[in-house]
Amino acid sequence: MAMKHKPRGASGDVCGISDCKEKGHKSLSTKKVKQALTDLSLRTGEGKRTHLCKKHYKEFKKKTKKERDLDRLAWE
Ligand SMILES: [Zn+2]
């Protein structure tokens, strides 16, 4: 096995939430993250994809799920 792999998670894969220095867990569309985590500010210049750490990814999932549930309630 060659040792020349790229150092993943060294600097690029940090959580995109400003003030958060956790390692990125999932890569998500910046637009979706902004829509879901409106009370959190994102680091600027993230491009189309934003990495979220485990903690913020959980929050993201919670928010998006809630929105979906509300949508469903509004329809039924
Ligand atoms: Zn984070």
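Predicted model: local features only at pLDDT ≥ 70, side-chain atom pairs only at ≥ 80, totals over all residues.
Residues are numbered from 1 along each chain as its sequence is written.

The chain contains two helices and two strands. Helices (H or I, at least four residues) and strands (E, at least two) are DSSP runs, numbered from the N terminus. Along the sequence these elements follow the pattern β-α-β-α. The average pLDDT, the predictor's confidence in each residue on a scale from 0 to 100, is 81 for the chain, and 75% of the residues score at least 70. Confidence is highest in β1, at a mean of 94, and lowest in helix α2 (residues 54–75), at a mean of 83.

Of the 76 residues, 18% are buried. The largest nonpolar core has nine residues: Cys15, Ile17, Leu28, Val33, Ala36, Leu37, Leu52, Cys53 and Phe60. A nonpolar core is a set of buried Ala, Val, Leu, Ile, Met, Phe, Trp, Tyr and Cys residues joined through C-beta atoms within 7 Å. Two residues are in contact if their C-beta atoms, placed from the backbone, lie within 7 Å. When neighbours within four places in sequence are left aside, the contacts of Ala36 are Phe60, Lys63 and Thr64. Across the chain, 55% of the contacts between residues at least 6 apart in sequence join residues at least 24 apart.

Thr44 lies in the loop between α1 (30–36) and β2 (49–52). The C-alpha atoms of Thr44 and Ile17 are 9.3 Å apart in space, although the two residues are separated by 27 residues in sequence. Ile17 is also one of the residues of the largest nonpolar core.

Two further residues belong to the segment before β1 (26–29), namely Asp19 and Lys23. Asp19 is exposed because it has 8 C-beta neighbours inside 10 Å. The phi of Asp19 is positive, near 80°, in a residue other than glycine. Most residues other than glycine have a negative phi. Lys23 is partly exposed, because it has 14 C-beta neighbours inside 10 Å. Lys23 and Lys54 are 31 residues apart in sequence, with a C-alpha to C-alpha distance of 8.2 Å.

Key: Buried ≥ 20, exposed ≤ 12 C-beta atoms within 10 Å, placed from the backbone.
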